[in-house]
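Subject: Structure handover

Hi,

Here is the structure for your set. My notes follow below it.

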Amino acid sequence: MKTFILSQIVMVTLFITSVFAQKTNAVDLNTVLKVVKVHQNAYAPEKAYLQTDKNTYFLGDTLWFKAYLFDKLSLSAAEKSKILYIELNDDTLDNVKRISIPISYGIGWAQIPLSPKQFHEGTYTLTAYTNWMQNTGSASFFRQRIYIGKPSAQIWRIHPAIKLNDVGELDVKLVLSNADEKPVASKNIMALIRDSDKVVYRKEMQTNAAGEINLALKLTDKLKSEGLRLYISNATKDEPAQLLSIPLNFNRPAKIDLQFLPEGGHLVNGLKSVVGIKALNEDGKGVDVSGTIFNSKNEKVTEFKTVHKGIGKVSFTPSAGESYFATINDVNGNNLHYDLPKIETNGTVMHIESNAAKDSLILTIQFSKNLLTTSNYNLVGESRGFVSYARAIDAENTIIKVAKNIFPSGIAHFSLLKDTTAVNERLVYINQHDNFSLTLTTDKPIYASRDSIVLNLNVKDNTGVAVNGSSFSVAVTDDAQYKADTLGNNSIATSLLFTSDIKGFVEQPSFYLKDTPESAEALDNLMLTQGWVGLNWKNVFTPKPVKFEAEKSIVVTGKVTNANKKPVEGAQVLISSQKPVFFKQVTTNKDGIYRLDSLPLLDTASFFIMRQTKNGQLSRFGKTTVNKFEPAPVSYYAPPIKPWYLDTDSVTQVRTENGIKQLDDFAFKTGKTLNEVVIKGKKKIPNSFNTRGADFTFDPKAIKASGVTNLYDFLRTQLPGFRIVMKNSLVTAVYGKYTMNLSIDAGYLPFSFKYIKPTIEEVIATLKGYNITAALGIEVLYSQKYTRAGTPDEHMPNANVFFDPKQGLSKDSLRKSELKGFGASNDDDFLGHRFLAAVGLVEYRGTIFITTRFNAGGGDNNLNRITYRPVNSIYAKQFYAPKYITRETAENQDLRSTVYWKPDIVTDVNGNATIKFNAGQKKTMYTVIVQGADLQGGVGGTTAKIKVE
C-alpha cells in the first residue's frame, strides 16, 4: 500500500508538470498547490479507529477495545501522536468518562469498567481522538454509539404503542409487565414527559388489569421528537423503585425536512443541473418520498423519488427569472410545499459521472457566458486531506476524464476554485478493492460445550500475497445474548474509508459499500447530499496557527509572571510527583515559560508545581500557571439506542437474566479487570465544617481513584443523577429528586442571587474551575436523618421547608425561623433564592460539603503553588477466559455475552495466526468478528459463526 501512495504522488507530480507546460496561467495553479502543500505539512492529519467487543452493555460489564491510530494519507502508523483520548459522553452531551491510553507503532488497547457508581443507564457516544486531531476539528473524530443498561429482575418490561391522532395529539399506550410477562396490574404510576430539561406533562394514573396505561400529549411546533422522552416511575410506596425512560419517537408528515442540494452547490440559469434530495423525519432518520417540481407558473417541470433512506436525485435546467418549488403528498393526502434554492444569474455547475464498472470519472464543467475571460479556474481533487489531482480549467477543457487509480480507496473531494474561492464542490466514493482478504476456519464443524475452540486466521492482500506482521483484534460474542454487527456498520474499513470523512450520522453505512447496482446508486446520491470532512479552503488560504500540539508523552508546561503580569525569565519552578517519585527543577525561558516533558503516562498521576525563590522557599510574588489539557467540545448527536426493557426480545431477555446473575454472584467476579474502590462510607472528614454526619463520604483515596480533575466532573461521575438544571428561571444543582447546596470550606456556592442570575453554562464552568485534587474529602447529605433533625446550624441550610400546593408561595406562608439556615437576611432575599424552585411541590434538599487541604474555598491562596492532574491513563488488563479441565469439574458458569476478546493477534510470514479459547456450557451460536491493519496502508475484517451443541 505504501507503493500505491508513492506512485500516486509521482503521477500527480507528472500530471501537474504537463499542465504547466501547456498553460500560460500555470502560476495560478502552482500557487494553489504550494499553499495546499504548506497546509498539509502544517496539519498532517491523523485518523483513529476503535474495535470494541460489542456495542450494548450492562452496568458492571467491561467495555473492551483496541485502538488503531493512522496517518490519514497513507494509513500507516501515526508518528506524531503517542497519546489517544477515549471518551464516553451521554445524550445530555455531558462527559461521563475520559481516559488516555499510550499508542505504540499505531496501536494500543485497554478497557473501561462500566461501574454503576460512575455510569447511568442510557445511550452514549464513544469518542476517540488525539490532541493533534483537534486542529482540524471534531468532525473527523472516531465515534460509535453504545448503550449501557441496568439489569434488574424488578424492572418492568414495557411494550409501547405511539401514534398521532386526528386532533394533533400524541397517543401513548404502554403495556407494563414483570420479568415473567405477568401484567403489572392496578399499580399507581407517575408519568412525566420532558422536552430536554423542561417538563411538559405530568400525571399520576393507575394501570388496568392488563397492565395498560394510556395518555395523550398535545403537540406544539416547539416539541420535537428528538428531545422528547417519557419517564415512568412507581408511585406506590414500599415497592421497588422504578424509573424507566421511553423515547417518544413520532413523525408528523407536515414536519418532513425536504432539502434540495444542487450538485456543486448552485442552480444556475440555463445550465443543466443534478440536484440531490434529502428527506428527514422529525426523529432525524431518512424517509422515502416522491413528488413533483413546478415553476412559478405552476407548470410541471419534472418528478422525483428518493431511493434509499430518504436520499435521491433529480435533474433539470433552470431558467432565468424563474423560481421553483416542489410538492409531496403525505400519508393523509395533504399537499406539502417546499421551495428550491434560488437560481443564480451567472455561475458554474460541476457534474461528475461515477460508474463503479468504469476506471475513470467524467467531469463536466459548465460556465455562464464570458465568465472564463475574467478569472482563472483550477480544478483540485483531494482524498484523505491530500491533493491527488490538479489542473487549470479553460473553455476548451470542460469535459475532463480523470483516472480513478490516482486516488486511494475512500472519498475523493473535487473543488473548482475561482482564484482562492471554491465555487463548486462534489464528493465521489472510489473503491480500489484493495482491502485485505481474511479467511477464518475452525478445526471442527461443531463444538461441544466447554470444548477447546481453535480458529485459524489467514490474511492476504488484494493480489493474493500473504500479509506478514499485521495486527488484528478478535471479539467472540454469544448470539443467544447479543446481536453482533455482522453487516460491518462499525468495521475498520467502513469507518476509515467512509463514515469518518463525511459529516453527520449515516444510517446503515455498510449498505452503501455493498457491491450491487442499488448500493452504488444510493452511495453516489449520498455523496451529493452529505457534508464533507477535509480541506477547508478558507483555512487553506487564510491559515490559522496550530493550537494543539502532538503529544508523545505527558508534558507539564506553564508560565510565570510578575505582579505586573509580565513574563519572568529565569524563574525556578519545582515540579514533583509521588507516582513516580521524583523532583525536578526547571527554569523559565525569556517568555516566562517552563516545560517538563518525556514523562510516562500514569494511572491517576498528580503533579505538584511550585515557584521557588533562590533559597528554595515558596515565592510569594507574581503568579504561576499550568497549561491543562483542553478536551474537545461534546456536540455530536445521533438517534438513541432502544433501552433493553422496551419490547424485550428473547436475546435481550437471556442477556438481562445473565447480567443480573453476574451482579449478584460475587464468585464470578474473579473476571473483573479492576479492583472495586469503595468510595461511599460515613467516616468523618478532618477539618470539615459539617457537624451533622453524612449519608456517604469520599476520602482522598476515593477522590484520586475517580481519575477526574475538577469538581463538576467528579460530582457528575460519582453521583449518578447529579445535574445543573434550570428551575423557575434559576440555576439549581440537583441530585436525583433532591435540590443540593454546595459548600466549599464553609463557603456556599450561591448560584443565583437577587440581582445575579448566571446561566447553566457559567455555573458548570465555575465548578470545573475548582481543582478536585485539593480536596481532603467530600460529604453528601440528603436523607431526613441529616437534613431534618434538630435546629439548623450556621454551616448547613435547613431542608425542612415544605409548601402547601393550594396556598402557593408567599411571605406569609413561611416561618421566619426557617429562613436562618439559608443565610437570608429578610423575606425578600429568601423568596428570591434558588431553593424556591419547585412551586406547589415538596422540595427535598441536601448539601454537598467539600473540604480542601488549604481550607480556602477550593484552592490555595498562594498563586505560585499548583496541583495538576493530567487525564487519567488506563493500561490494558487481560480478558478473563475460563479454562475448563473437564466438563464435569467446571463449577462456575461464564454468563458474559462476550465469550472471548483478544487484541494482540499478529500474523506470521504466511499470513496466518491461531486463536484459541473455550466454548461455554450452553448450546448456542457464536459470532466471531476480526478487524485489523498492517499499519502500512492495508486494512480488513471478517466475521464467522461457530456452533456449540
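Buried means under 20% relative accessible area, exposed over 50%, and partly exposed in between (1.4 Å probe, protein chains only). At 18% relative accessibility, Asp699 therefore counts as buried.

Ground rules. This is a predicted model: local features need pLDDT of at least 70, side-chain atom pairs count only at pLDDT 80 or more, and totals for chains, interfaces and linings use all residues. Residues are numbered from 1 along each chain as its sequence is written, and side-chain values use heavy atoms, with hydrogens and water left out.

More on Asp699. Asp699 sits in the loop between strand S41 (696–698) and helix H8 (700–705). Helices (H or I, at least four residues) and strands (E, at least two) are DSSP runs, numbered from the N terminus. The Asp699 side chain reaches the backbone nitrogen of Ala702 at 2.8 Å. Leaving aside residues up to four places away in sequence, Asp699 touches Lys683 and Leu776. Contact here means heavy atoms within 4.5 Å.

Now the sheet. Four strands form an open sheet, ordered S28-S27-S30-S31, with antiparallel pairing. Strands S28 (386–393) and S31 (421–430) are at the edges, each with a single partner strand, so one side of each has no neighbour in the sheet. Two strands pair if DSSP finds at least two bridges between them. S27 (residues 377–383) and S30 (residues 410–418) pair over seven bridges. Tyr377 stands opposite Lys418 in S30.

Helix H5 (residues 517–529) lies across S30 and S31, at about 155° to S31. Axes are lines fitted to C-alpha atoms, for helices over the stretch in contact; angles run from 0 to 180 degrees between N-to-C directions.

Best regards

How values were computed
A polar contact is a pair of N or O atoms within 3.5 Å; within protein, one must be able to donate a hydrogen and the other to accept it, and residues adjacent in sequence count only if both atoms are side-chain atoms.
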